[in-house]
Amino acid sequence: MQSPYNKRMQGRDRHSSIRRSTSDMLAQAQTLMQRGDLPKAELMCKNALNTWRNSGAPRSEEAHIISFLGKCYEAQRQFQKAYDLYFEALPHLTGSNYDDIYTAMLYVTERMGTFSQSKPIIDEPPYDPYGGR
């Protein structure tokens, strides 16, 4: 009978090629982002996420992929897509991975609130320091 530690280590070895593959894709995505080719970077990140998930790799370890894809969305001002991505990932994450994605989600929430307002929050005339004189 195998110990839980050995089973865990075999699982890590089983996904090592997927880790390398997704890491390579994210490096390419980062290069594309730096060049300003955001749609191609987004596609590369989506491919990395699909590859990761289709391989059966643990969702608890996909935070780095989620982070890259979310940043692509944010850079393209697709805040709702970023929010949805972050929100969907949170139940699968723990520890610092959870904290990082939660923080990114809070940032996007703030951006959505700031940029989605079509009218002022208060429907009053602007303050007149001279009392209407």
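**Entry 1: terms and ground rules.** I call a residue buried under 20% relative accessible area, exposed over 50%, and partly exposed in between (1.4 Å probe, protein chains only). Helices (H or I, at least four residues) are DSSP runs, numbered from the N terminus. The model is predicted: local features need pLDDT of at least 70, side-chain atom pairs count only at pLDDT 80 or more, and totals for chains, interfaces and linings use all residues. Residues are numbered from 1 along each chain as its sequence is written, and side-chain values use heavy atoms, with hydrogens and water left out.

**Entry 2: helix α5.** I asked which residues of helix α5 (residues 79–89) are buried. I found Phe 79, Ala 82, Leu 85, Tyr 86 and Ala 89. Seen down the axis of α5, these buried residues fall within an arc of 130°, so they line one face of the helix. The arc is taken from the directions from the helix axis to the C-beta atoms.

**Entry 3: the core.** Next I looked up the largest nonpolar core. By nonpolar core I mean a set of buried Ala, Val, Leu, Ile, Met, Phe, Trp, Tyr and Cys residues joined through side-chain atoms within 4.5 Å. The largest one has 29 residues, and Ile 66, Tyr 86 and Ile 101 touch the most other members. At least two residues of this core come from each of α2, α3 (38–54), α4 (63–75), α5 and α6. In soluble globular proteins, nonpolar side chains tend to be buried together.

I then listed contacts, meaning heavy atoms within 4.5 Å. Leaving aside residues up to four places away in sequence, Ile 101 touches Ala 63, Ile 66, Ser 67, Tyr 86, Leu 90 and Leu 93.

**Entry 4: Thr 22.** Is Thr 22 buried or exposed? Thr 22 is buried, at a relative accessible area of 0%. Thr 22 sits in helix α2 (residues 16–35). Its contacts, again not counting residues up to four places away in sequence, are Ala 48, Trp 52, His 64 and Ile 65.

**Entry 5: salt bridges.** I count a salt bridge when a side-chain nitrogen of Lys or Arg is within 4 Å of a carboxyl oxygen of Asp or Glu. The structure holds 8 of them. Side chains of opposite charge can pair when their charged atoms come close.

I checked Arg 19 and Glu 61, which pair at 2.5 Å, N to O. This pair links distant parts of the chain: Arg 19 is in helix α2, Glu 61 is in the loop between α3 and α4, and they are 42 residues apart. Arg 19 is partly exposed at 25% relative accessibility. Glu 61 is partly exposed, with a relative accessible area of 25%.

Arg 59 and Glu 62 form a salt bridge at 3.4 Å, N to O. Arg 59 is partly exposed at 26%, whereas Glu 62 is buried at 1%.

Lys 71 pairs with Glu 74, the closest N and O atoms being 3.7 Å apart. Both lie in helix α4, 3 residues apart, about one turn of the helix. Lys 71 is partly exposed at 35%, while Glu 74 is buried at 10%. I also noted that salt bridges with shared partners join Arg 53, Arg 59, Glu 62 and Glu 88 into one network.

**Entry 6: a surface patch.** Last, I looked at the surface. Patch members have over 30% relative accessible area and no salt bridge; like charges are joined within 9 Å, nonpolar side chains (Val, Leu, Ile, Met, Phe, Trp, Tyr) within 5 Å. Tyr 98, Tyr 102 and Leu 106 form a nonpolar patch, with about 260 Å² of accessible area together. The areas come from the Shrake-Rupley method with a 1.4 Å probe; for residues, only the protein chains shown count as cover. Leu 106 is in helix α6 (residues 95–115) and is partly exposed at 43% relative accessibility.
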